[in-house]
Amino acid sequence: MSVNCRQAESLSRFRTLLAALCLLCAGNFALAGETAVEPSGNGVDLLQDTTFDEDSRSSETSAAAEDLVEAVPAHPHDVPLADAVTTAEGLAEPLRLLEQDIAPGTAQRLAWSATELFEGVPVSTPVLVVNGELPGPTLCLTAAVHGDELNGIEMVRRVLHDIDPTKLSGAVIGVPIVNVQGFRRGSRYLPDRRDLNRYFPGNPNGSAAARIAHALFKDVVAHCDALIDLHTGSFERANLPQIRADLRNPDVVTLTLGFGSMVVLHSQPTVGTLRHAATMAGIPAVTVEAGGPAQLELAEVKHGVKGIETLLSTLGMVKKRRFWGDPEPVYYRSTWVRADNGGILLADVSLGSSVRKGDLLGTITDPMSNASTQLRSPYSGRIIGMARNQVVMPGFAAFHVGIQAEDVMLEPEEEAVSENDRNQETGGYVDGMSE
Ligand SMILES: [Zn+2]
């Protein structure tokens with residue numbers, strides 16, 4: 001679904017438009033979503049294997065169309081996020097966090113320690129806090145929940161150090177490295193190979209992952225009025241900078257549109273993700289995906305920083321008026337194009353490329369037989385994620401195509417497949433769904 005608005009159009013008008021589009025889309029096709037990876041009780045160990053293949057993936061299902069407009073749990077705050085600054089009254093108050101009081105108009109660096117190494121030495125990680133001189137909401141940024149995802153770390157640093165506390169309405173809290181143990185080892189996972197982002201909101205008596213999740217949730221996330229969780233693609237795949245958001249929640253829509261010019265992918269969060277747990281606790285949350293793991297990619301970092309700073313302006317937390325380009329399309333569906341043969345994958349498109357149905361995306365060449373096969377796009381749309389050039393096995397998810405709604409509507413026969421068929425078509429998984 002392409003949403004094109006001029007800069008001059010007000011946010012509220014845009015929101016109304018989006019809501020209308022939601023309803024429109026709901027009548028026409030089912031949505032791609034992420035299946036809940038259901039822990040048996042919060043924070044209790046997942047029954048399934050938590051190794052490389054299983055735990056890193058989220059399954060894909062097609063949600064019923066009516067789910068799109070179904071009411072979501074009510075926000076516990078009386079005031080919509082969009083009005084949080086304008087309705088804030090009185091003077092800003094000290095922000096109490098991690099047993100410290102941060103006075104209005106000041107910035108502070110705190111240390112948060114979720115766990116101990118087995119030697120008994122605490123593993124602490126910085127928490128950056130800017131408490132504005134004026135009252136308003138508290139916006140939180142978290143990065144490196146997956147320890148090898150570096151772009152978000154630099155985004156948090158840049159955003160937090162750019163804010164003038166004397167001109168801020170509300171507060172911004174940044175946790176640049178949530179999974180400090182994974183970060184030190186250059187790994188996505190915790191030392192026990194668990195994916196921290198499947199254990200929120202956590203459990204103080206559960207596994208190491210559940211305890212860390214619980215500590216972060218209780219010590220930091222519970223103090224937030226809105227949350228942005230920063231990620232990248234996983235396992236040699238990179239994502240076009242994009243926001244993943246459950247657009248059924250009005251406050252999440254406010255957050256999403258506040259970023260300005262960034263692609264939006266509607267997705268229901270997997271149970272256990274920070275995004276899911278925060279939203280369920282009444283804290284609207286989105287995930288920002290930008291680039292790939294284990295690298296610092298300056299263009300992606302700048303893109304993310306620009307989006308977050310635009311959001312601060314859109315929410316009214318900083319006075320500087322900032323409009324950033326035309327809004328990018330909102331994709332309500334996406335699909336992964338997979339390799340049917342093993343071999344060396346070389347791409348013919350790049351991140352952000354617009355493609356038409358049938359366009360060549362990449363070629364896989366068998367290094368032994370020299371036989372080549374071509375991967376072609378099943379839909380018109382945009383490349384929102386893709387594998388780096390590498391050796392692949394059959395079934396490997398290579399290109400993530402955000403599907404143009406118009407394309408879907410024009411080709412109803414494509415949509416006639418049942419949910420089961422679609423799941424089989426995608427293998428029931430979305431690889432590289434980093435979040
Ligand atoms: Zn991630």
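Two strands pair if DSSP finds at least two bridges between them. Helices (H or I, at least four residues) and strands (E, at least two) are themselves DSSP runs, numbered from the N terminus. With those terms in hand, welcome to this chain.

The structure is a predicted model, in which local features need pLDDT of at least 70 and side-chain atom pairs count only at pLDDT 80 or more, while totals for chains, interfaces and linings use all residues. Residues are numbered from 1 along each chain as its sequence is written.

**The chain as a whole**

There are eleven helices and 22 strands in the chain. Of its 435 residues, 51% are buried; a residue counts as buried if 20 or more other C-beta atoms lie within 10 Å of its own, as exposed if 12 or fewer do, and as partly exposed in between, with C-beta atoms placed from the backbone. Two residues are in contact if their C-beta atoms, placed from the backbone, lie within 7 Å. Among contacts with a separation of 6 or more, 73% join residues 24 or more positions apart.

**The core**

A nonpolar core is a set of buried Ala, Val, Leu, Ile, Met, Phe, Trp, Tyr and Cys residues joined through C-beta atoms within 7 Å. The largest one here has 106 residues, and Ala143 and Ala398 have the most contacts inside it. Helix H5 (residues 208-219) gives the largest share, six residues. Domain 1 (52-314) and domain 2 (331-430) both contribute to this core, so it lies between them; the domain bounds come from an automatic or database domain assignment.

Beyond its neighbours within four places in sequence, Ala143 touches several residues, including Gly152, Ile153, Met155 and Val156. Ala143 is also in contact with Val175, Pro176, Ile177, Val178 and Leu230.

**Strand E7 and helix H3**

Strand E7 (134-143) is one of the elements that the buried residues of H3 pack against. Eight of the ten residues of E7 are buried, so the strand is largely enclosed by the rest of the structure. E7 and E8 pair in the parallel sense over six bridges, and Leu139 stands opposite Val172 in E8.

Helix H3 (residues 151-162) has twelve residues and reaches 17 Å from its first C-alpha to its last, close to the expected 16 Å. That expected span is 1.5 Å times one less than the number of residues. Its buried residues include Ile153, Met155, Val156 and Leu160.

| Element | Residues | Detail |
|---|---|---|
| Helix H6 | 250-258 | eight of nine residues buried |
| Strand E7 | 134-143 | packed against by the buried residues of H3 |
| Strand E10 | 237-245 | contains Asn239 |

Just after H6, Gly260 takes a positive phi of about 80°. Asn239 is buried, with 28 other C-beta atoms within 10 Å. The C-alpha atoms of Asn239 and Pro293 are separated by 9.7 Å, although these residues are 54 apart along the chain.

**A four-stranded sheet**

An open sheet of four strands has the order E18-E17-E15-E20, with antiparallel pairing. Strand E18 (372-376) and strand E20 (390-392) are the edge strands, each pairing on one side only. The twist averages 35° from one strand to the next; for such angles, axes are lines fitted to C-alpha atoms, for helices over the stretch in contact, and values run from 0 to 180 degrees between N-to-C directions. Inside the sheet, four bridges join strand E15 (residues 343-347) to strand E17 (residues 360-365), and Ala347 stands opposite Gly362 in E17.
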